[in-house]
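This briefing is intended to be read alongside the sequence and the coordinates.

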Amino acid sequence: MPLNDLPWWRWRARLRSALHMLSDPGFQQETWLNGREGYGDVTDAVYRLVEDTWLDHWSAEKYVGTIFRDSAEAALVDVAVLRVVQLLHEVGADAHASAYFGHPGWPEAVRAAREAHVALAVNDGDDPDTAPKSLDVLRILTRV
């Protein structure tokens, strides 16, 4: 199914982008740890995950039919949001990527983000193992 068949597909695209980056340890090492331009940082990804949706305040279930295709997607996203937002609060929004990567909860956050990312990507007909797109490409894809 195409990404833009949902009413709030732009929000889904931003959320998927965040989950994709949060779920890919290789990307994180090569991009965030090295400060590579064009992809934001860990904090940016967490904010992209929750900024439009307020998923740090309520369940993704609220968005089934608008952002999420079904309750299974919503449940996976809820777990991922809980893990990464908790880490953001523990590590601090201004922390360097290495502080996140060194946190004992980071592997679990990556795993939860991966499960959600794979489900959403597959349901949109995309390959979950492609490299994350830059924020410029995301802006182009979500342009009105």
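Val-77 is found in helix α4. Helices here (H or I, at least four residues) and strands (E, at least two) are DSSP runs numbered from the N terminus. The model is a predicted one, in which local features need pLDDT of at least 70 and side-chain atom pairs count only at pLDDT 80 or more, while totals for chains, interfaces and linings use all residues. Residues are numbered from 1 along each chain as its sequence is written, and side-chain values use heavy atoms, with hydrogens and water left out.

- Val-77 counts as buried because its relative accessibility is 0%; buried means under 20% relative accessible area, exposed means over 50%, and partly exposed lies in between (1.4 Å probe, protein chains only).
- Leaving aside residues up to four places away in sequence, Val-77 touches Leu-15, Leu-19, Leu-55, Ala-60, Phe-68, Ala-116 and Leu-120, where contact means heavy atoms within 4.5 Å.
- From C-alpha to C-alpha, Val-77 and Ala-119 are 9.4 Å apart in space, although 42 residues separate them in sequence.

**Overall architecture**

- The protein has seven helices and zero strands, and its elements run α-α-α-α-α-α-α from the N terminus on.
- The radius of gyration is 14 Å, which agrees with the value near 15 Å that a compact globule of 144 residues would have; the radius is taken over C-alpha atoms, and the globule rule is 2.2 Å times the number of residues to the power 0.38.
- Taken along the principal axes, the box filled by the C-alpha atoms is roughly 35 × 30 × 25 Å.
- Of the 144 residues in the protein, 44% are buried.
- Among contacts with a separation of 6 or more, 70% are between residues 24 or more positions apart.

**Packing of α4 and α6**

- Helix α4 (residues 71–91) packs with helix α6 (residues 106–123) at an angle of about 150 degrees, and their axes are 8 Å apart. Axes are lines fitted to C-alpha atoms, for helices over the stretch in contact, and angles run from 0 to 180 degrees between N-to-C directions.
- The two helices, α4 and α6, are therefore roughly antiparallel to each other; angles under 35 degrees count as roughly parallel, over 145 as roughly antiparallel, 65 to 115 as roughly perpendicular and the rest as oblique.
- The contributors from α4 include Glu-73, Val-77, Ala-80 and Leu-87, and those from α6 include Trp-106, Ala-112, Ala-116 and Asn-123.
- By class, this contact of α4 with α6 has 13 nonpolar, one polar and four charged residues. Ala, Val, Leu, Ile, Met, Phe, Trp, Tyr, Cys and Pro count as nonpolar, Asp, Glu, Lys and Arg as charged, and the others, Gly among them, as polar.
- α4 passes α6 in a left-handed crossing, meaning that the near helix is turned anticlockwise from the far one by less than a right angle; clockwise would be right-handed.

- The axes of helix α1 (residues 9–22) and α6 come within 8 Å and cross at roughly 135 degrees, so α1 and α6 are oblique to each other.
- The crossing of α1 past α6 is left-handed.
- In this pair, Arg-12, Leu-15, Arg-16, Leu-19, His-20 and Leu-22 of α1 meet Trp-106, Val-110, Ala-113, Ala-116, His-117, Leu-120, Ala-121 and Asn-123 of α6.
- The contact of α1 with α6 comprises nine nonpolar, three polar and two charged residues.
- α1 also packs with helix α3 (residues 42–50), at an angle of about 140 degrees and with axes 8 Å apart, an arrangement that makes α1 oblique to α3.
- The crossing of α1 and α3 is left-handed.
- On the α1 side, Arg-14, Leu-15, Ser-17, Ala-18, Leu-19, Met-21 and Leu-22 meet Val-42, Ala-45, Arg-48 and Leu-49 of α3.
- Eight nonpolar, one polar and two charged residues form the contact of α1 with α3.

**Selected residues**

- Ser-17, in helix α1, counts as buried at 11% relative accessibility. Beyond residues up to four places away in sequence, Ser-17 touches Arg-48 and Leu-138.
- Thr-43, in helix α3, is likewise buried, at 8% relative accessibility. Residues touched by Thr-43, not counting those up to four places away in sequence, are Leu-88, Ala-93 and Tyr-100.
- Trp-54 is placed in the loop between α3 and α4 and is partly exposed, with a relative accessible area of 45%. The phi of Trp-54 is near 60 degrees, a positive value in a residue other than glycine.
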